[in-house]
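Thank you all for making the time this morning. I would like to walk you slowly through one structure, so please keep the picture in view while I talk.

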Amino acid sequence: MNLEDLRRDYLMAGLDEKDLAANPIAQFEIWLKQAIELQLKDPTAMTVATVDASGQPSQRIVLLKHVDAAGFVFFTNYGSRKARELAGNQKISLHFPWHDIERQVKVCGVAEKISAVESAKYFLSRPKESQLAAWASHQSHPVSTRQMLMQQVARMKEKFAHGDIPAPDFWGGFRVAPHEIEFWQGGANRLHDRFSYRRTGEQWAIDRLAP
Ligand SMILES: Cc1cc2nc3c(=O)[nH]c(=O)nc-3n(C[C@H](O)[C@H](O)[C@H](O)COP(=O)(O)O)c2cc1C
């Protein structure tokens, strides 16, 4: 398979420092709103990179569920590989790949579990079938067959047949407090625009980076 000629030029837009918000969260909210309004598929999907004790990185996609000055929130199983890696090393990187608008955003920061109350509030807002799936899935661990998984779902459905399904204590959110956020806009001939915000105490410093 020859992949060498698979490429395109990025011609949609440029990015200038004068167009950037002073605060990267405000800038992120502008870009996320545009991604949603332009009906990109899975606009809140982000790749999350963590590292294990040996320094081996691993990645997976999760959905961003909240963002504000305190950081970026996603939800997952606290026994999952990502959560176990975060227990040993809180350093994390997030990546939003908005191909259709020739943009990407990278976030580097530190992840912390959110409170059980906050997690339960979000959990209760989810569709019941997803709540049962969270109870049934020992995320990231081997499961012998799909049938075993579905049996576990059926057991949970029976167990929680009446009333609200409570949030499992092994499931909840992480908030990523960022210290670096980069905004990338594709440019012609690989001469892209990149701006990196770095936290300097209460303020943020902005550097244009070579493409
Ligand atoms: C579009 C998309 C969204 C996803 N969202 C989540 C999510 O919000 N939380 C989650 O735990 N897994 C989500 N997943 C599944 C993860 O990518 C991953 O398979 C799972 O969390 C286990 O990862 P780990 O074994 O590295 O911990 C999503 C997958 C895709 C493709």
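What we have here is a predicted model, in which local features need pLDDT of at least 70 and side-chain atom pairs count only at pLDDT 80 or more, while totals for chains, interfaces and linings use all residues. Residues are numbered from 1 along each chain as its sequence is written, and side-chain values use heavy atoms, with hydrogens and water left out.

Let me begin with the fold. The secondary structure comes to 5 helices and 9 strands, where helices (H or I, at least four residues) and strands (E, at least two) are DSSP runs numbered from the N terminus. Along the sequence they follow the pattern α-β-β-β-β-α-β-β-α-α-α-β-β-β, and the C-alpha atoms fill a box of roughly 55 × 50 × 40 Å, taken along the principal axes. Of the 211 residues, 38% count as buried, and buried means under 20% relative accessible area, with a 1.4 Å probe and protein chains only. If we take contact to mean heavy atoms within 4.5 Å, then among contacts between residues at least 6 apart in sequence, 65% join residues at least 24 apart.

Now to the interior. A nonpolar core is a set of buried Ala, Val, Leu, Ile, Met, Phe, Trp, Tyr and Cys residues joined through side-chain atoms within 4.5 Å. The largest one has 33 residues, of which Phe28, Phe72, Phe74, Trp98 and Val105 touch the most other members. Its largest share, 5 residues, comes from helix 1. Apart from it lies another core, of 13 residues, with Phe123, Val153, Met156 and Trp171 among them. As for Phe28, if we leave aside its neighbours within four places in sequence, its contacts include Leu64, Val67, Phe96 and Phe183.

Which residues surround the ligand? They are Arg60, Ile61, Val62, Leu63, Phe75, Thr76, Ser80, Arg81, Lys82, Gln139 and Ser140, where the test is a heavy atom within 4 Å of the molecule. Strand 2 gives the most to this shell, with 4 residues. Oxygen atoms of the ligand come to 2.7 Å from an N or O atom in the side chain of Thr76, to 2.6 Å from one in the side chain of Lys82, and to 2.6 Å from one in the side chain of Ser140. The protein covers 64% of the 610 Å² of accessible area that the ligand has on its own, an area that comes from the Shrake-Rupley method with a 1.4 Å probe.

Let me finish with two residues. Val48 lies in strand 1 and counts as buried because its relative accessibility is 0%. Beyond its neighbours within four places in sequence, Val48 is in contact with residues including Arg60 and Val62, both of which also belong to the shell around the ligand. The C-alpha atoms of Val48 and Lys82, 34 residues apart along the chain, are separated by 8.4 Å.

The other residue is Gln131, whose place is in helix 4. Why does Gln131 count as buried? It does so because its relative accessibility is 2%. Not counting residues up to four places away in sequence, Gln131 touches Phe123, Leu124, Ser125, Arg126 and Ile165. In the same helix 4, Leu132, Ala134, Trp135 and Ala136 are among the buried residues, and what covers the buried residues of this helix includes helix 3, helix 5 and strand 7.

Notes
Buried means under 20% relative accessible area, exposed over 50%, partly exposed in between (1.4 Å probe, protein chains only). A polar contact is a pair of N or O atoms within 3.5 Å; within protein, one must be able to donate a hydrogen and the other to accept it, and residues adjacent in sequence count only if both atoms are side-chain atoms.
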